[in-house]
Amino acid sequence: MKLRIKFTKHGPVKFIGHLDIMRYFQKANRRAQLDVKYTGGYSPHQVMSFAAPLGVGLESNGEYMDIEVNSLTSCEDVRDRLNKAGVPGIRIVSVKVLPESAGNAMASVAAASYTIRFREGCEPPFDVDCAIKKFLSQEQIPVIKETKKGVREVDLRKGIYEMRTCENSIYLMVDASSCGNIKPQQVIRALYEQNGCSLDDFSLLITREETYTVDATGEKTEWIPLDFVGTDTPEDIE
Amino acid sequence: MSQLALSDEILLKVEKPARYIGNEVNAQIKQKSEVDVRFAMCFPDVYEIGMSHLGIQILYDMFNSMEGVWCERVYSPWLDLDAIMREEKIPLFALESQDPIKNFDWLGITLQYEMCYTNILQILDLAQIPLLSADRGDDFTYPIVIGGGPCSYNPEPIADFFDLFYIGEGETRYEELINLYRQCRDAHLSRREFLRRAAKVPGIYAPSFYEVRYHPDGTIASFEPTEEGIPATIVKEIERNVTDTYYPMKPVVPYIKVTQDRVVLEIQRGCIRGCRFCQAGQLYRPVRERDVETLKKYALEMLKSTGQEEITLSSLSSSDYSKLPELIDYLMEECQKQHVNISLPSLRIDAFSLDVMSKVQDVKKSSLTFAPEAGSQRLRNVINKGLTEEAILQGSTLAFLGGWTRVKLYFMLGLPTETPEDIRGIAELCNKIAATFFEVVPKDQRVNGKVQIVASTSFFVPKPFTPFQWASQCTKEEFLEKAYFTRNAISEQLNQKSIKYNWHEADASVLEGVLARGDRRLSEVLLKVYQKGCFYDAWSEYYKHDVWMQTIKECGLSVEFYTHRERSLDEILPWDFIDCGVSKAYLKREWEKAKQEQISENCKLKCQGCGAARFGTGICREHFQADGEE
């Protein structure tokens, strides 16, 4: 049985990288004494899948991890036990049972939304509202992307699904799929450059708000949070 | 915890920021209003190394179990953060509270290897605590800086930087020491008066109350307390009952991968073997086993509280633990149920260990390890290493038949009395093991068709409180010559293609030798090399050999004096004021027997009268009881 676990990441643990978060949960699952399914062999490991990796320094309200279990008390019990076994900065907000047909967390990711704030004294020296309107009016936003293979040009525009100001911050929803993933810093950097400014990544305080998958079952394609796929009890699936 | 000591800007700039944020599972947080003694426990190396050390975990658990005491951890900031902290004058902080160390009551530093000595100065410097004990004033403004661990058995090279040293096992005297501190502080006595009283607590050495005089040739003329009532000899402290004492049931679980990333079960303390080069084998006498039922309970409890996916056993010689089969059978059964890996320590290779290894490891991927330490039986007798060629070849035969094809061998070069013949023995032994493989494994059953023998040599550094404490250490040139000789001897072997040879760098072994048997005059050298930018000497990429050699000269001292010179038996050695449990008479006997190529039986077979029996515990007590029954 597959479970999808939604968690938040705040405070000092934002400095824990993605691979270490995976290691954290391997141990947390054991401390919580969940009946997790293991692979065989000399070094058995837990069957786990994480949605989109979160960069070091970013906080989140919408992280996801899938695990496979052999048995289940209840979703609430799993949530409570994991919270008891965990550190304060990592909170489990929901546990859902996934239908057998559901793809794993990593493969399901299509988009992610972010709130971007500016550190005190690092606010942009231009009218953000205006700049975003102009920014989005372009058909293409070419940026240079450095990869292991070299430098290439990519277009950001088609991967920006939503971008607007919201009080003193910017709300951003972008492509987070494995083939078109966009980092929020890339978008803000392009916005700055278009306004003749350079961006120090450190100016930004970024929180990922939610991670989405595509729901193609209805009449029109919709973004839905990853945990909308699951249900609260195994019976609901049958 | 509310606030980190380092800003986001810094944490985003440095490598592995998780080293500095604390907040790990099982880290101990206490209310500041409920504690009156703050203790910072330091391992002066990077987080991943320090977090792997069992001793600190035991003491961390012990201190935090004391009412009113909050013990926190601190490690050496890596070079990137070190530079930022100096630049921005950020005081070194403890991980749990993120508060500056300089405001603590105590700074305890564990001394696990000589090459970390400059990192002690880095810690003090970043903490903004005066480097020299003498500069710390006469009140309790600065923490009391105390050292402990194996290197405190010759604390003299670092004596000037410490207020106190704790000689021996930490479980016994800290509570008394902390209470004494409380009394003196609360009665507004002077720092000096506290140190004076502390110097009278058993096991505690306060270097500022002792004076060393030297002969013109540099050897020690006298080593004496400067005041009446300060003990002339410090007897090591020992935990007599290792079962009924502190053990961390909730070890801290690091976020990042550390060197020893698993539950560690210390099954016994001490070793029965008496290898003559081994310092730990003398320091931790007598061997004391932990009760097997207690260990089983500890294992389950720690796995549960940490969620670790691997467990290992710790001791100097696990094969000698009397209940090993019972313990391993139990762990194998429990661990399989819980999907926990067992990482086996180096066991003596025999039918039992091979059977266990085949159950918990992938035979095709794992390798066997032997530590003959010397290439010939003659030299193995000199060092009292009881491993015979016959046992190695028998173990190899069993292993090859069981499917293993990789063998690792550890040797030392530069052992006392070593001849070219002994070194050639290393090559010949490797060759014989390879030949055994081709002999016992039929061609069609050979995995990958070949056998892989990896021989590694380290350079022998004589250590205090071993029978070799008087011996001459080889020079760098001699070391390298021996390594080349070994390489050539291996290349002359019939099966040379199956043998790979690695050797250590010689530079660091020279310095290790200086510091290991050094005296108080080396404190000045340490201070100077540190001021010239030396630290992280244990990391070969940062070790600046030339700066060290130059500075030793500048201070009017010589490497030759500390390393190459053979000491006479009546010389006062810098560590003679410490009584580590084994007597000097015994060490002399062993040194004589070594020169005569005579072995000494292990403690289980026959008591060698080393002197540790006076502690009335462990194997000595078993002997005593057995004798009584006769």
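**Strand pairing, domains and chain contact**

In chain B, strand β1 (residues 37-43) and strand β3 (residues 106-110) run parallel and are joined by four bridges; helices (H or I, at least four residues) and strands (E, at least two) are DSSP runs numbered from the N terminus. The model is predicted, so that local features need pLDDT of at least 70 and side-chain atom pairs count only at pLDDT 80 or more, while totals for chains, interfaces and linings use all residues. Residues are numbered from 1 along each chain as its sequence is written, and chains are lettered from A and ligands numbered from 1 in the order in which they are written.

B:Phe39 stands opposite B:Trp106 in β3(B). Six strands of chain B form an open sheet of mixed pairing, in the order β2-β1-β3-β4-β5-β6, where two strands pair if DSSP finds at least two bridges between them. At the edges are β2 (69-75) and β6 (204-205) of chain B, each of which pairs on one side only. Helix α6 (residues 174-186) of chain B lies across β1, β2, β4 (144-148) and β6 of chain B, at about 135 degrees to β1(B). Axes are lines fitted to C-alpha atoms, for helices over the stretch in contact, with angles from 0 to 180 degrees between N-to-C directions.

Chain A is assigned domain 1 (2-106 + 226-236) and domain 2 (111-215), with bounds from an automatic or database domain assignment. Twelve residues of domain 1 and eleven residues of domain 2 of chain A take part in the contact (C-beta atoms, placed from the backbone, within 7 Å).

Between the chains, 19 residues of chain A are in contact with 21 residues of chain B.

Methods. Two residues are in contact if their C-beta atoms, placed from the backbone, lie within 7 Å.
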